Amino acid sequence: SIESLPDAYQVHTKISRPWKYRAGQYVYLCVPRASYSAFLQSHPYMVAWWYPYDKDQDIVVFIIQRQKGFTQSLPTSSNLSQSTELRAIIEGPYGKEIHLDEYGTVLLFATGIGIAGQLPYVRQLLENFHNYDAKARRIVLFWQVDSEEHLQWVGQWMTDLLEQDSEYVLDIRLFVTGNYITNGAEHVNYRGLDVENLIRSEIEGRKGRSVISREQVREAVRQMLDKDIHLKELPFHPL
Ligand SMILES: Cc1cc2nc3c(=O)[nH]c(=O)nc-3n(C[C@H](O)[C@H](O)[C@H](O)COP(=O)(O)OP(=O)(O)OC[C@H]3O[C@@H](n4cnc5c(N)ncnc54)[C@H](O)[C@@H]3O)c2cc1C
């Protein structure tokens, strides 16, 4: 199904083959009936989430930002009848997982739709922490959006992750730079990410070795890199 969100879609795809889901995976997605030319197009999308459908099948979810080509107007569940099933062709998965389990502090930076690639890392780190497979004692996800409505893209999953986090290792920091709707919501910063200061204050109180992600952060981190602070980048980092 395709759910409409502000400036984006959540595409829930039933998977008919066995698949070992890992953070960092992306696929080429083609939805032939999405529009006249859609059958000719396939685009890469990060696997943002997954959940069981029944005992044999899973649902994989992609978050697709609305742009001017294939994504401009996809047929959503609200304008299709309930029984209409859209077929999707998926090629993959591709992508190389970044191994984060050895780090005590993990700082993840995302802007806009870049969140799609970061959430699976948060999920996996928390799962591995609970199975004693990850050393992370502090995971901070910084997410900047340019419209407050975009927080809805992944709102429920963030709540799920925070509920699973019984040991309080996860800290989610939201930054909104425009199109305010509440202007005063708790846990939301109404300003842009001040990358350098955020990293400095985290590094001062860090636990164990540290790893930092996101391209925009590169310059801020360059001077701080040492054998205990590493910078890793995901394959998809929108501007
Ligand atoms: C590894 C990877 C993962 C991605 N994951 C996501 C994701 O999770 N969510 C998301 O919304 N987008 C993601 N993208 C971007 C996405 O693949 C498409 O670029 C976008 O959805 C195209 O939409 P459109 O046809 O409406 O774009 P248009 O309005 O036609 O173009 C928008 C921009 O995308 C560029 N573009 C178009 N097609 C491609 C393509 N096949 N490959 C690279 N650039 C292209 C154009 O040059 C333009 O700059 C990812 C890209 C990569 C490379």
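Q: Which element gives the most residues to the shell around the ligand?
A: In this predicted model, β4 (43-46) and β6 (58-65) each supply at least two residues of that shell. With 4 residues, the element that gives the most is β4.

Q: How many residues surround the ligand, and how many of the shell are charged?
A: The ligand is surrounded by 16 residues, and the closest are Pro44, Tyr45, Lys68, Gly69 and Thr71. By class, the shell holds 10 nonpolar and 5 polar residues, and the number of charged residues is 1.

Q: What is the distance from an N or O atom in the side chain of Thr71 to an oxygen atom of the ligand?
A: Several residues place polar atoms by oxygen atoms of the ligand. For a polar backbone atom of Phe70 the distance is 3.0 Å, and for a polar side-chain atom of Tyr45 it is 2.6 Å. For the side chain of Thr71, the distance is 2.4 Å.

Q: What share of the ligand's exposed area does the protein bury?
A: The ligand sits in the second largest pocket. Taken alone, the ligand exposes 870 Å². Of that area, the protein buries 65%.

Q: Is His12 buried or exposed?
A: His12 belongs to strand β2, residues 8-15. Its relative accessible area is 17%. Because the cut-off is under 20%, His12 counts as buried.

Q: With which side chain does the side chain of His12 make a polar contact?
A: The contact joins two side chains at 2.9 Å. The partner of His12 is Gln10.

Note on methods:
Residues are numbered from 1 along each chain as its sequence is written. This is a predicted model: local features need pLDDT of at least 70, side-chain atom pairs count only at pLDDT 80 or more; totals for chains, interfaces and linings use all residues. Side-chain values use heavy atoms; hydrogens and water are left out. A residue is near a molecule or strand if one of its heavy atoms lies within 4 Å of it. A polar contact is a pair of N or O atoms within 3.5 Å; within protein, one must be able to donate a hydrogen and the other to accept it, and residues adjacent in sequence count only if both atoms are side-chain atoms. Accessible areas come from the Shrake-Rupley method with a 1.4 Å probe; for residues, only the protein chains shown count as cover. On a 1 Å grid over the protein atoms alone, a cavity is a set of points where a 1.4 Å probe fits but cannot get out, and a pocket is an open set with protein on both sides within 12 Å along at least five of seven lines; lining residues have an atom within 4 Å of a point. A molecule sits in a cavity or pocket if more than half of its atoms lie within 2 Å of its grid points. Ala, Val, Leu, Ile, Met, Phe, Trp, Tyr, Cys and Pro count as nonpolar, Asp, Glu, Lys and Arg as charged, and the others, Gly among them, as polar. Buried means under 20% relative accessible area, exposed over 50%, partly exposed in between (1.4 Å probe, protein chains only).
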